[in-house]
Amino acid sequence: MANWIEGSIIENLHWTENLFSLRIEADVDSFTAGQFTSLGLVIDGERIARPYSYLSSPGQRPLEFFFYTATDGVLSNALVDVKPGDAIWIKQQATGFFTLDEVPVADNLWMLGTGTGLAPFLSILNTDEPWQRFKNIVLVHAVRTQADLLYQEMIAQLQQKHGDSFAFQAFVSREVIPGTLHGRVPGAIEDSSLQHAANVPLNPATSQLMLCGNPDMVKDTVAVLKTQGFSKNRRRTPGQITIENFW
Ligand SMILES: NC(=O)c1ccc[n+]([C@@H]2O[C@H](COP(=O)([O-])OP(=O)(O)OC[C@H]3O[C@@H](n4cnc5c(N)ncnc54)[C@H](OP(=O)(O)O)[C@@H]3O)[C@@H](O)[C@H]2O)c1
């Protein structure tokens with residue numbers, strides 16, 4: 001059983017009406033990029049907690065998490081109002097298998113995320129391991145509107161640091177925005193527009209995929225990938241698709 005410890009809010013960054021990030025100082029144990037922990041607040045005398053993926057990388061301080069204020073989410077609606085200096089409960093040990101240790105060797109790594117599902121990818125990409133293991137890395141962030149395309153500065157820094165081995169592709173589904181793909185990820189894999197935009201081959205012999213975020217995106221993308229010969233990556237039967245559903 002992981003221990004609860006008390007952390008302190010360093011910063012609450014309100015990005016849009018629904019999206020915000022918290023920076024937290026807490027004496028947590030080391031974790032592996034891609035893992036999640038639990039965050040909690042005492043609300044009406046009871047600790048309410050939910051799992052959240054680390055956006056910050058192992059060893060990085062302050063810790064960082066990316067949130068969506070779900071309309072009926074008691075915790076996210078309380079978290080959005082926390083202020084610097086406020087206390088927050090956090091589990092000392094992280095957990096989860098959405099990590100590079102679980103991903104077999106390949107030339108190309110595709111990271112497909114929606115909304116706050118970007119978080120574990122940024123945690124992983126800000127470590128050295130993916131750049132040592134893969135020739136090409138494609139990060140895809142699919143959102144409804146341009147305003148939801150966050151962490152652009154961090155992504156630009158990754159681009160600058162890793163040059164041609166890194167491709168970033170944004171999808172905006174409910175607005176037409178130049179420089180981004182319009183529509184949804186599964187359709188763009190099916191008609192190869194995503195592969196063309198990223199200029200990286202996507203086939204079972206050379207590629208691994210990590211999918212994170214909206215469970216419907218994960219389900220529909222897996223269905224398309226299966227028609228192209230990909231399979232889910234399991235410990236006993238390695239494949240090419242590693243997934244994390246966010247709700
Ligand atoms: N964003 C988050 O991090 C987050 C976290 C927890 C819960 N939620 C819940 O998700 C809802 C909205 O979140 P959101 O604004 O981030 O949008 P979202 O509905 O998760 O959409 C994000 C992107 O995923 C696409 N998408 C949705 N279903 C898909 C599918 N079956 N296949 C492929 N792509 C798909 C959307 O396209 P379309 O525009 O075409 O639908 C959009 O481009 C809220 O009800 C919220 O409670 C969101």
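**From one histidine outwards**

Mentor: His162 is buried, its relative accessible area being 16%. Here "buried" means under 20% relative accessible area, "exposed" over 50% and "partly exposed" in between, with a 1.4 Å probe and protein chains only. Before going on: this is a predicted model, so local features need pLDDT of at least 70 and side-chain atom pairs count only at pLDDT 80 or more, while totals for chains, interfaces and linings use all residues. Residues are numbered from 1 along each chain as its sequence is written, and side-chain values use heavy atoms, leaving out hydrogens and water.

Back to our histidine: His162 belongs to helix H4, residues 152-162. Helices (H or I, at least four residues) and strands (E, at least two) are DSSP runs, numbered from the N terminus. The His162 side chain makes a polar contact of 3.3 Å with the side chain of Trp131. By polar contact I mean a pair of N or O atoms within 3.5 Å; within protein, one must be able to donate a hydrogen and the other to accept it, and residues adjacent in sequence count only if both atoms are side-chain atoms.

Now the sheet next to that helix. Strands pair here if DSSP finds at least two bridges between them.

Follow the chain into the loop between H7 and E12 and you find Asn233. Asn233 is buried too, with a relative accessible area of 17%. Its side chain reaches the backbone nitrogen of Gly239 at 3.2 Å. Leaving out residues up to four places away in sequence, Asn233 touches several others, including Glu102, Val103 and Pro104.

Then there's the ligand, which you'll want to see. It has 17 residues around it, the closest being Thr116, Ser173, Arg174, Arg184 and Asp220; "near" requires a heavy atom within 4 Å. A polar side-chain atom of Ser173 comes to 2.6 Å from a ligand oxygen, and an N or O atom in the Arg174 side chain is likewise 2.6 Å from an oxygen atom of the ligand. On the backbone side, a polar atom of Val143 is 3.1 Å from a ligand oxygen. Taken alone the ligand exposes 850 Å², and the protein buries 82% of that; the areas come from the Shrake-Rupley method with a 1.4 Å probe, and for residues only the protein chains shown count as cover.

Leu19 sits in strand E2 (residues 19-25) and is buried at 5% relative accessible area.

E2 takes us to the other sheet, an open one of six strands in the order E4-E3-E6-E1-E2-E5 with antiparallel pairing. Strand E4 (46-53) and strand E5 (63-68) stand at the edges with a single partner strand each, so one side of each has no neighbour in the sheet. On average, neighbouring strands here are turned by 40° against each other, direction ignored. Inside the sheet, strand E1 (residues 4-14) and strand E6 (residues 87-91) pair in the antiparallel sense over five bridges, with Glu6 bridging to Trp89 of E6. Strand E3 (residues 36-43) and E4 share eight bridges, antiparallel again. Two residues separate the strands of the E3 and E4 hairpin, where Asp44 takes a positive phi near 50°.

Terms used
Axes fitted to C-alpha atoms, helices over the stretch in contact; angles between N-to-C directions. Contact = heavy atoms within 4.5 Å.
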